[in-house]
Amino acid sequence: MKFNRRSLNAGLAASLAAPMISRAARASDTLKIGMVLPVTGPAAAVGGYALAGAKIALDRVNKSGGVLGKQLELLTEDDQTTNPGAVLAFSKLAAQPDIVAFLGPVRSTQNHAIANDILKTAKPFCFGGTDPALTRIGNPWMIRFRPNDSYSGRVIASYGVETLGKKNWALVHSTDAFGTSGNKLLAGALDKLGAKVATDQGYPNQSQDFTPVVLAIKSSGADIIGSYFTYENDQAIFARQAKQLGLTIPWIGSASTVAAAALKLAGPALWGTYAVTDFAADSSREAKEFAKLYAAVSSAPPDLQSAWPYDAIGGLAVGINKAGSTDPGKIRDAILSIKGYKGAEGEYNFDQFGDGLHGYNIVRNEKGTIVFDKHIEFTD
Amino acid sequence: MDFFLQLLFTGVGIGAVYALVALGFVLIFRATSVVNFAQGEFSMVAAYLMVVFAVDLGWPYWLSFLIAMAAMAVLGAVFNLTVYYPLRHRTFLPVLISTIGASIFLSNSVLALYGPQPQVLPGWLDTPGFQVGPVYLDSQYLIIIGVTLALVAFQYWLFERTLIGKKLQATSQDKEMATLLGIPVAGMIMITFVYSAVLGGIAGILVAPVLFVSIQMGSTIALKAFAATIIGGFGDVAGAILGGFAIGIIETFGAAYISVPFKDAFAFLVVILFLIVRPQGIFGERVAEKA
């Protein structure tokens, strides 16, 4: 065989093009889902749980034949647990035209930060932030796979006032979007039930000390605490200092009170507390099944952080199959028409705003074991 | 009064942590005229080392502490050789950027090696605390305050009563003159970095049982410690200690009596006031260009 410049050029061109052709061929075999999650920053641990949950669902969907005859592929970007990081991560994913839908952060403040870019991208965006406003800001692409805080506030208030009989409340909350909106809704729900707010204590995230908050609650005469903590380490520091300083009144917290990281950090300081949470392992057959699958891949206990991405991937698969195409509008309409889809977090019945879940579980921390009490569902 | 005393104890305890880290800032600044923005990461690395040795491997606490301190000394030396020494003849800005880069490198290295999950490091004592009258004394805060005071005393002895301390002081005051007097300046700077890394490590290990061990723990503490050094006077050891305690007490009382959400703002408000009214800090001397 004779080599000349032309054959050499042709060979080089072929060898350069081969990987691209092979990549293109492989790309057409998969449907890509983009996922924005914290890999670095204060919520990096949570990002690990979320990725594990998403991968379990991905594996499950792919083993059962995939979506529209293709395998699902997950592409991830680090939001660095910051709003600018979330914007950057989403823009990197949004720049890839073959991504058909996205999974977003669990923190409301980051979802608010990228809401405009989601609107411009015009593709389904499944997220976990619980600020009710996120599905009411006129962005049709935002689809929530968790119950929002209008429900959590009502469940906390209802359980504390009607079941535990407590009417003098101390509210503790982060001053970010999640904590502020959750606290406002809880205060509103308490007002409707005729309960009184003895003290309202907001705190900045990543606080190193909660002594002033604990002492203010003690001196307020409150007989119960309702809380919205964003970060698990804040939750754990507060829990430990409350115990040390003799604050022993009942405590009903938002879902972070039973998050895996909070349970690990706080240990016995959280024993005896109540929480409203979307995921409770004993709440349904599907939740038990997810807990079993999760235990096979992680030493951490399953919690909402891993359960909602699991449900989101499952819901997306159902939606895309139902739509019969990857047209963003058709996928969105198909997801919003889902009724009675049983996920790990509960039964999904999407409303016109994009909210899939409409209730919360109440659980109690019995010496480190999370015991399911009851599920409260709302129809309004 | 009970309320006041409880807040005072907590403020002093937190302030002691800031003071320890601020001490590391000051020592390096005195020796090199550069702010080491990786000082907080020294604390984080040491805390993770303790988790590995004392929790994961189950070694005795005292042995884990000694090995962690030895590792921090090595880290301080490597830091000097790789981050400061190659840029020692440049202006302060490249060195400062180099320390910021090192800070990011250390954080991401620990993240890659150990993972993102925050960890629990048990306290030095089995008893979590003591009730003395109306005030609860957290045992870990008691240790932090005690160790900080002991290190201040040690530092005073080292700098004022030993030959090596005098050499370190001479190096920090005038490197050229120190060289002319036969003092090995490079060696003195190396000792300063090693000592600062160990100090940062001690702070991290002490505070870990209170704040937990996480990748961000260093930067959270370092920011306040940096504020403490500005209040105390950059380059002044006594100022760093006083500044640390001042920040701890101001933010605790500010949160209790004015507003919890603005807790962090109080500390930095005081810093801004100092920068306007007394930019040289409490103990700093006014520096003027000679005509």
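A residue is termed buried if 20 or more other C-beta atoms lie within 10 Å of its own, exposed if 12 or fewer do, and partly exposed in between, with C-beta atoms placed from the backbone. By this count Pro301(A) is partly exposed, because it has 19 C-beta neighbours inside 10 Å. Pro301(A) sits in the loop between helix 10 (285-295) and helix 11 (304-323) of chain A. Helices (H or I, at least four residues) and strands (E, at least two) are DSSP runs, numbered from the N terminus. The C-alpha atom of Pro301(A) is separated by 31 Å from that of Ala115(A), a residue 186 places away along the chain.

The model is predicted: local features need pLDDT of at least 70, side-chain atom pairs count only at pLDDT 80 or more, and totals for chains, interfaces and linings use all residues. Residues are numbered from 1 along each chain as its sequence is written, while chains are lettered from A and ligands numbered from 1 in the order in which they are written.

Confidence was examined next. The pLDDT is the predictor's confidence in each residue, from 0 to 100. Chain A has a mean pLDDT of 90, with 93% of its residues at 70 or more. For chain B the average is 88, and 97% of the residues score at least 70. The predictor assigns the complex an ipTM of 0.84 and a pTM of 0.81. Residues 18-25 of chain A stay under 50 in pLDDT. The model has zero contacts beyond four places in sequence for residues 18-25 of chain A. Two residues are in contact if their C-beta atoms, placed from the backbone, lie within 7 Å. Where pLDDT is low, the predicted coordinates should not be read in detail.

Chain A is divided into domain 1 (30-147 + 302-349) and domain 2 (150-277 + 362-377). These bounds come from an automatic or database domain assignment. The C-alpha centres of the two domains of chain A lie 28 Å apart. Their contact takes 18 residues from domain 1 and 16 residues from domain 2. On the domain 1 side, helix 2 (44-63), helix 4 (108-121) and helix 11 of chain A each supply at least two residues. That side divides into nine nonpolar, six polar and three charged residues. Here Ala, Val, Leu, Ile, Met, Phe, Trp, Tyr, Cys and Pro count as nonpolar, Asp, Glu, Lys and Arg as charged, and the others, Gly among them, as polar.

Chain A contains an open sheet of five strands in the order 2-1-3-4-5, with parallel pairing. Strand 2 and strand 5 (142-144) of chain A stand at the edges; each has a single partner strand, so one side of each is left without a neighbour in the sheet. Neighbouring strands of this sheet are turned by 25 degrees against each other on average, direction ignored. Two strands pair if DSSP finds at least two bridges between them. Strand 1 (residues 30-37) and strand 2 (residues 71-78) of chain A run parallel and are joined by eight bridges. Gly34(A) has Leu75(A) as its bridge partner in strand 2 of chain A. Six of the eight residues of strand 1 of chain A are buried. Helix 3 (residues 83-94) of chain A lies across strand 1, strand 2 and strand 3 (99-103), at about 145 degrees to strand 2. Axes are lines fitted to C-alpha atoms, for helices over the stretch in contact, and angles run from 0 to 180 degrees between N-to-C directions.

An open sheet of seven strands in chain A has the order 7-6-8-9-10-13-14 and mixed pairing. Its edges are strand 7 (196-203) and strand 14 (369-377) of chain A, each with a single partner strand, so one side of each lacks a neighbour in the sheet. Strand 8 (residues 224-228) and strand 9 (residues 251-253) of chain A pair in the parallel sense over three bridges. Ile225(A) stands opposite Trp251(A) in strand 9 of chain A.

Two loop residues of chain A were also examined. Ala122(A), in the loop between helix 4 and strand 4 (125-127) of chain A, has a positive phi near 55 degrees without being a glycine. Lys367(A), in the loop between strand 13 (359-366) and strand 14 of chain A, is not a glycine but has a positive phi of about 50 degrees. Lys367(A) is exposed, with 8 other C-beta atoms within 10 Å.

The contact between the chains takes 28 residues from chain A and 27 residues from chain B. Helix 7 (211-220) of chain A is among the elements supplying at least two residues of the chain A side. Five residues come from helix 7 of chain A, the largest share of that side.
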